[in-house]
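This report describes the fold and the surface pockets of a single protein chain.

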Amino acid sequence: MAKKIPLRQCVGCGEMKGKKEMLRVLKTPEDEICLDATGKKNGRGAYICRQKECLQKVRKNKGLERSFKMSISPEVYDTLEKEFDQLETE
């Protein structure tokens, strides 16, 4: 029997992809926003494709604000972009 691949929807482009192909953005119980490379940390998660364009779409259409039901400062997006760039270079 074939194993089921968990699908997640990108908050930027709305595309459904496998969980392993995407990056998880996490809202911790302390209301911090960070990237979760392992996909196993505690908290509310939202998924973004591994493309710079999707991160820019999320910023423009306020996808994370809707997912986490809270306002997110521009500094958080800047931090996410830096972490995103670091993951791309690895």
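The sections below treat the basis of the description, the overall fold, the sheet and the pockets.

## Basis of the description

The structure is a predicted model, in which local features require pLDDT of at least 70, side-chain atom pairs count only at pLDDT 80 or more, and totals for chains, interfaces and linings use all residues. Residues are numbered from 1 along each chain as its sequence is written, and side-chain values use heavy atoms, with hydrogens and water left out.

## Overall fold

The chain contains 3 helices and 5 strands; these are DSSP runs numbered from the N terminus, helices being H or I of at least four residues and strands E of at least two. Along the sequence they follow the pattern β-β-β-β-β-α-α-α. The radius of gyration of the chain is 13 Å, close to the 12 Å of the globule rule for 90 residues, so the chain is as compact as a globular protein of that length. That radius is taken over C-alpha atoms, and the rule is 2.2 Å times the number of residues to the power 0.38.

An open sheet of 3 strands has the order β4-β3-β5 with antiparallel pairing, where two strands pair if DSSP finds at least two bridges between them. Because β4 (33–36) and β5 (44–49) stand at the edges with a single partner strand each, one side of each lacks a neighbour in the sheet. From one strand to the next, the twist averages 30°.

Strand β3 (residues 22–27) pairs with β4 over 4 bridges, and V25 has L35 of β4 as its bridge partner. Helix α3 (residues 74–89) lies across β3, β4 and β5 and runs at about 15° to β4. Contact here means heavy atoms within 4.5 Å; axes are lines fitted to C-alpha atoms, for helices over the stretch in contact, and angles run from 0 to 180 degrees between N-to-C directions.

## Pockets

A pocket is an open set of points on a 1 Å grid over the protein atoms alone, where a 1.4 Å probe fits, with protein on both sides within 12 Å along at least five of seven lines; lining residues have an atom within 4 Å of a point. The largest pocket holds about 260 Å³ of space, a volume being the space filled by probe spheres set on the points, which are joined across faces, edges and corners. Of its 14 lining residues, K19, K20, A37, T38 and G39 are the closest to the centre. Strand β3 supplies the largest share of this lining, 3 residues.

The second largest pocket holds about 160 Å³. Its lining includes R8, C10, C13, R44, Y47 and S67, and β5 gives the most to it, with 4 residues.
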